[in-house]
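Thanks for coming. I have one structure to go through today, and I will take it contact by contact. Please have a look at it first.

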Amino acid sequence: MIILIILVGIKPLEEAYRSRNQTCMLNVEVENNGLTPELLRETLSLRPSQVKRFLVESRDPQGTDQLSILLSKVSSQDIASYPSKLQELDGVNRVSIVKRASNNGANHT
């Protein structure tokens with residue numbers, strides 16, 4: 001009986017912890033040099049340790065960059081708000097959520 005009570009009490013705590021400590025990957029298309037790691041952190045209210053990777057994957061001669069950004073220790077609510085916050089910035093053309101650690105399928109926005 002004690003084990004069941006412990007399991008019932010711990011499971012919601014574990015789920016709450018996991019929902020606040022997710023990892024996500026964003027693909028962002030921006031005008032050349034339109035988004036810096038500092039601007040990303042400021043716009044999304046991130047700590048420096050939460051930005052695990054900020055990679056410029058390609059530079060298009062027509063003036064756009066493809067960025068791959070890996071963020072850690074973010075909540076699912078924050079992840080859902082990131083595309084709209086980034087779209088508000090000048091020079092950001094497209095934002096998509098590639099993956100979330102909490103599920104195996106890809107999510108696109």
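Arg 59 is partly exposed, because its relative accessibility is 49% and the class runs between buried, under 20% relative accessible area, and exposed, over 50%, with a 1.4 Å probe and protein chains only. Before I go on: this is a predicted model, where local features need pLDDT of at least 70, side-chain atom pairs count only at pLDDT 80 or more, and totals for chains, interfaces and linings use all residues. Residues are numbered from 1 along each chain as its sequence is written, and side-chain values use heavy atoms, with hydrogens and water left out.

What does Arg 59 form a salt bridge with? The partner is Asp 65, and the closest N and O atoms are 3.3 Å apart. A salt bridge here is a side-chain nitrogen of Lys or Arg within 4 Å of a carboxyl oxygen of Asp or Glu. Asp 65 is buried, at a relative accessible area of 2%.

The structure holds two salt bridges. Another pair is Arg 94 with Glu 29, whose closest N and O atoms are 4.0 Å apart. Arg 94 sits in strand 4 (residues 92–100) and Glu 29 in strand 1 (residues 22–31), so the pair ties together parts that are 65 residues apart in sequence. Strands are DSSP runs of E, at least two residues, and helices are runs of H or I, at least four, numbered from the N terminus. Both ends are partly exposed: Arg 94 at 35% relative accessibility, Glu 29 at 21%.

Staying with strand 1, Asn 27 is also in it, and is partly exposed at 25%.

Now the helices. The axes of helix 2 (residues 37–44) and helix 3 (residues 76–87) come within 10 Å and cross at roughly 120°. That makes helix 2 oblique to helix 3, because angles under 35 degrees count as roughly parallel, over 145 as roughly antiparallel, 65 to 115 as roughly perpendicular, and the rest as oblique. The axes are lines fitted to C-alpha atoms, for helices over the stretch in contact, and angles run from 0 to 180 degrees between N-to-C directions.

Met 1 lies in the segment before helix 1 (2–20), and is exposed at a relative accessible area of 76%.
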